[in-house]
Each structure stands twice: as C-alpha cells, then as structure tokens.
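This report covers selected side-chain contacts and helix packing in one protein model. The sequence and structure come first, followed by the details.

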Amino acid sequence: MEIKKLFEEFDEETIRSFVQKNADYYITKWKVMAQSGSKLSWNWAAFLFPLVWLAYRKMHLYAVIYFLLLLGFSVAPKYLQTFMWLGLWIGIGMLGNYLYGRYAYNKLLELKMRFTDENVFKTQVVKAGGTSVLGLFISALTLFIIYLLGLFLFIAIIGIGLALK
C-alpha cells in the first residue's frame, strides 16, 4: 500500500515539506492508515467540497475524473442520480486521505527519480506540494458556472413549457 511505502521511503520532514498546510493532520491520519493497512479515513473537507478540495490539494487528475463522473451521472435515470452522487460524495470523504497519500507518494517518488541532487529535490518537493489557491478558485468558479447554466436551462425549459400551454 502506497501509504506504508510513503513512510518507508521518505522521512517525515520530506512529507511535511510536500503537504505543507495541515501537515500534522495528514501525517497523523496516514500513520494510522499505514499501521492498520486501511484505505478508509474520514476527511470532512473532501466530503463537503470534493472538487474544490481535490483542486486545492493539486490533485488535478482526480478533480477532472470527479468532474467527469458528475457529468456522466447526469445522463443516468433520475432515480439513480441521487444514489450515484451520494455514493461518490461519501466515497471521496472516506477515501480522500488515502487518495492524497497515494498522490503524495507517487509525486515524491517521481521527484526523487528526476532530481538526484538532494538540495534540488527538496526545492522541487516544496514547489510540487502544498496547496493551490488558483485551483481552489478555478474549481469553485467552474461549479458556479455550471450551477448558473443549469439554472438558466431550467428557466428556459419552464419558459418553453409555459409557452406551449
């Protein structure tokens, strides 16, 4: 499991340099997960704001996959959409810490292979890690635009329906 490998292959200082904000929270969660072998660990930020949290933590590929899944759910029958959405929402809350730990491990491994000089590696860890306020704003703006488009579409459909009566 990547979480266990994270602590076997990288020292805590390197992990902390990568995570930066809320490093104590993630390191504590990951240590428990590494000991238990579990991938489940609740993350309120991931649960409440999944797309924004993924983008904020620079997990852009996961954010795109999450967004595409949400779009894909829109073509499912209405009675299934709520269950699919809730399943994804709760799933991200339960697996968010694991996904972030896995992302951190893979990114650190990639950086270690690319930058053999220790000082350059440490500098790149800080650059690659941390959070992205830009990612936070872009994801929030995307959600807001989709909301507005949905609202306008809803109003247009109601308007067409009223016009046909």
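## A buried asparagine

Leaving aside neighbours within four places in sequence, asparagine 97 is in contact with Tyr25, Tyr26, Lys29, Trp30, Met33, Ser41, Trp42 and Asn43. The model is predicted, and asparagine 97 lies in its helix α7. Because buried means under 20% relative accessible area, asparagine 97, at 0%, counts as buried.

Two of these contacts can be described at the atom level. The side chain of asparagine 97 makes a polar contact of 2.9 Å with the side chain of serine 41. The asparagine 97 side chain also reaches the backbone oxygen of tryptophan 42, at 3.2 Å.

## Helix α2 and its packing

Helix α2 spans residues 12-19, and its buried residues are Thr14, Ile15, Phe18 and Val19. Viewed down the axis of α2, these residues fall within an arc of 130 degrees, so they line one face of the helix.

Just after α2 comes glutamine 20, which takes a positive phi of about 65 degrees.

The structure holds 6 salt bridges. One of them is formed by the side chains of lysine 31 and glutamate 12, with an N to O distance of 2.7 Å. Lysine 31 lies in helix α3 and glutamate 12 in helix α2, so this pair ties together parts that are 19 residues apart in sequence. Both partners are partly exposed: lysine 31 has a relative accessible area of 37%, and glutamate 12 stands at 32%.

Glutamate 110 takes part in a salt bridge with lysine 107, at 4.0 Å from N to O. The two residues are 3 apart in helix α7, and therefore about one helical turn separates glutamate 110 and lysine 107. Glutamate 110 is partly exposed at 35% relative accessibility, and lysine 107 is partly exposed at 21%.

Glutamate 110 also forms a salt bridge with arginine 114, where the closest N and O atoms are 3.6 Å apart. Arginine 114 is exposed, with a relative accessible area of 55%.

Elsewhere, salt bridges that share partners join Glu12, Arg16, Asp24 and Lys31 into one network.

Note on methods:
Residues are numbered from 1 along each chain as its sequence is written. This is a predicted model: local features need pLDDT of at least 70, side-chain atom pairs count only at pLDDT 80 or more; totals for chains, interfaces and linings use all residues. Side-chain values use heavy atoms; hydrogens and water are left out. Buried means under 20% relative accessible area, exposed over 50%, partly exposed in between (1.4 Å probe, protein chains only). Helices (H or I, at least four residues) and strands (E, at least two) are DSSP runs, numbered from the N terminus. The arc is that of the directions from the helix axis to the C-beta atoms. A polar contact is a pair of N or O atoms within 3.5 Å; within protein, one must be able to donate a hydrogen and the other to accept it, and residues adjacent in sequence count only if both atoms are side-chain atoms. Contact means heavy atoms within 4.5 Å.
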